[in-house]
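The following account is intended to be read with the coordinates open. Please keep the sequence and the three-dimensional view side by side while reading.

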Amino acid sequence: MRIGSRWSWRLGVCGLALIVALAGKALSQDKPAEKPADAAAQAAAPAPPPKPDPGGTATGTIADVPAKEAGKPTLVEVADAVGHNRVAINIMWTLITGFLVMFMQAGFALAETGFTRAKNVAHTMMMNFMIYAIGMTGYWIMGFALQMGGVGALGTLGGTGVLDSEFTITLFGKEFGLWGTKGFFLAGSSYDVAVFALFLFQMVFMDTAATIPTGAMAERWKFSAFFIYGFFISMITYPLFANWVWGGGWLSTLGKNFGLGHGYVDFAGSSVVHMVGGVTGLAGAMVLGPRIGKYTKDGTPNPIPGHNIPMAILGCFILAFGWFGFNPGSTLAGGDLRIAVIAVNTMLASAAGAILAALYMWVVYGKPDPSMAANGFLAGLVAITAPCAFVSSFWAFVIGAIAGVILCWSVFFFERTMKVDDPVGAISVHGTCGAWGVISLGLFADGTYGDGFNGVPSTVKGLLYGDPSQLVAQIIGPVVNFGFIFGASWLFFKLLDATIGMRVPRDVELEGLDVPEMGAHGYPEIQGPPTLVHGMGALGSARAQAVPARVVAPEGGR
Amino acid sequence: MKKIEAIIKPFKLDDVKEALTGIGVIGMTVSEVRGFGRQKGHTELYRGGEYTVDFLPKIKVEVVTPDNLVSKVVEVMASAAKTGNIGDGKIFVHPVESAVRIRTGERDEAAL
């Protein structure tokens, strides 16, 4: 031991000496290098010696503008550089915020798995994981084309306008865009940097919607049925509704065609992403029925506690972090400085949602329930997603606060009145609060932003700021969303149920889905046969607390 | 020889262990158990709904001692595990017929 520590001490000294020696050599090389350079400059006056710029004030000059004659760009060359930089900032912004949104998949995985039981962790995680891959594949094949194939030139991304083909029908003398028809497999003319940047951003949004129903349908959904669903939502339902709102489709043109404000406005996707996910989850949870043990025979609901609240809350924080990509990124423009307002509105609404949900539970039930407070946090984020660019910070806080309370009511409505079992609260967080978000835009948009949005001149105003027609458009949107998404998803899930079956067998559900569906436990050390139980050192561990007896041996069910 | 089996609150394990080693007890076996007595279970609240946890987590401590130490061990265990609140647990004393120390083959009290 003594020899070992003495040797490590010596090694440390040697290392330090080496660093000092090298640094000294580097410094001594710098100094003499200047003198011969100065002498040479006096002799022939060629290029000046390279000087470092530690202050950063001299880096980036006219010499950096690409020009035929270095340092003397023409006006056209300057303008080209400016245009290129503008689009570069916007594409960078769109990609980086898209990367943040991609990370929300991790948030969803942790939140949903934490709110469900230990016996189903591998299955719940696997759904949240695989939806990323399945959804992306389906979206690349055809979802993106249906959604964005007719969007036209992308101003902020330097659009070359290659996505220019929308399938429309004519009703009441007006054109109704239904879906795009360019961009399948990102092939042909969509092999374009602006289109690829847009694809990445839109893809991660679609995957956010697609992973929401896995929470509402967790702990009983057959993986094979889930697998097929992944293609259904990414190729059909999500792209169609997204086309109608973001791809130049008929909801976005309600303003241009019928004078309803700016048409249906959903800035970052309270309805396009979250309500689609929540409503799809509602249809799926209704087709599946409640988990065994969720309801007693007289219909009263039993709590089934999630197995890991720290995991769930970590997931919610990751989601909130990703939301800084979700909302500010939806400008598709880093040069649109409204992003500061959008980012602040986003975080304020989440704070209000968390506070109000916690306070509501505290006052009504005696404790500030962590899982409901976490849901309230997300509810505020979901609600502010549509109006984030159009409201003041005051209204952002109000929108989030109202979402926090609506969330609680909605959870109890679906659980107690509708008898729909939603283990993680996804239907209420994303569906109900998504609808509230788009309606709130129609109330509180203050007219400071959105000039020319959806092709309508002037800024976006809600009812309180003088444009009641905007509110009408904001009500049409969620009604159409619910009608289309619920109807199509319900039919699809019923069809799946009748063919391959939607739900795992009863004994599989009781045992836990991990081994029968996935082949292995998520937590083998605490779930395996008794002879394999390790971790006895953790006496009095949370495990015993987290599994109430009634849930271990459930009765009743559907 | 007697086996003294105590069901105690989990957070009292260290106190009990220290008290027992302090009076010369040289071995014990501990396990995680769940159960209820007169305390019954307790209720918890999750997403606005109450539920009952019937089987509460406890620790079972087992000690085998020569007859002359039994009353001392029971007394020390009881005082170390006591909080005065509901759910402190119980102590049971069983007769033990014989004991074998596996490594040496010693028997009965010599094996302890």
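The paragraphs below treat the model and its confidence, then chain A, and then chain B.

This is a predicted model, in which local features need a pLDDT of at least 70 and side-chain atom pairs count only at pLDDT 80 or more, while totals for chains, interfaces and linings use all residues. Residues are numbered from 1 along each chain as its sequence is written, and chains are lettered from A and ligands numbered from 1 in the order in which they are written. For the complex, the predictor reports an ipTM of 0.74 and a pTM of 0.85. Chain B has an average pLDDT of 93, with 100% of its residues scoring at least 70; pLDDT is the predictor's confidence in each residue, on a scale from 0 to 100.

Chain A contains 19 helices and 2 strands. Helices (H or I, at least four residues) and strands (E, at least two) are DSSP runs, numbered from the N terminus. Of the 558 residues in chain A, 50% are buried. A residue is called buried if 20 or more other C-beta atoms lie within 10 Å of its own, exposed if 12 or fewer do, and partly exposed in between, with C-beta atoms placed from the backbone. Among contacts in chain A with a separation of 6 or more, 75% are made by residues 24 or more positions apart; two residues are in contact if their C-beta atoms, placed from the backbone, lie within 7 Å.

The domain assignment divides chain A into domain 1 (81-499) and domain 2 (506-551), bounds of this kind being drawn from an automatic or database domain assignment. Between the C-alpha centres of domain 1 of chain A and domain 2 of chain A the distance is 34 Å. Each side supplies residues to the contact, 18 from domain 1 of chain A and 18 from domain 2 of chain A. On the side of domain 1 of chain A that touches domain 2 of chain A, helix α3 (residues 121-148) of chain A gives the most, with 5 residues. That side of domain 1 of chain A comprises 9 nonpolar, 5 polar and 4 charged residues. In this classification Ala, Val, Leu, Ile, Met, Phe, Trp, Tyr, Cys and Pro count as nonpolar, Asp, Glu, Lys and Arg as charged, and the others, Gly among them, as polar.

When neighbours within four places in sequence are left aside, A:Ile399 is in contact with A:Ala349, A:Ala383, A:Ile384, A:Pro387, A:Val391, A:Ser440 and A:Phe444.

A:Thr168 belongs to strand β1 of chain A and is partly exposed, with 16 other C-beta atoms within 10 Å. Beyond its neighbours within four places in sequence, A:Thr168 contacts A:Glu175, A:Phe176, A:Gly177 and A:Leu178. The C-alpha atoms of A:Thr168 and A:Gly249 are separated by 8.3 Å, although these residues are 81 residues apart along the chain. A:Phe172 occupies the loop between β1 (166-171) and β2 (174-180) of chain A. Its phi is near 50 degrees, a positive value in a residue other than glycine, and A:Phe172 counts as exposed because it has 7 C-beta neighbours inside 10 Å.

A:Asn454, in the loop between α13 (426-444) and α14 (468-499) of chain A, likewise is not a glycine and has a positive phi of about 55 degrees. A:Asn454 is buried, with 21 other C-beta atoms within 10 Å. A:Asn302 is located in the loop between α8 (270-288) and α9 (309-326) of chain A and counts as buried, with 20 C-beta neighbours inside 10 Å. From C-alpha to C-alpha, A:Asn302 and A:Glu415 are 9.6 Å apart in space and 113 residues apart in sequence.

Chain B has 2 helices and 6 strands, arranged along the sequence in the pattern β-α-β-β-β-β-α-β. Its radius of gyration is 17 Å, well over the 13 Å that the globule rule gives for 112 residues, so chain B is more spread out than a compact globule. The radius is taken over C-alpha atoms, and the globule rule is 2.2 Å times the number of residues to the power 0.38. The C-alpha trace of chain B spans about 60 × 25 × 20 Å along its principal axes. Buried residues account for 20% of the 112 residues in chain B.
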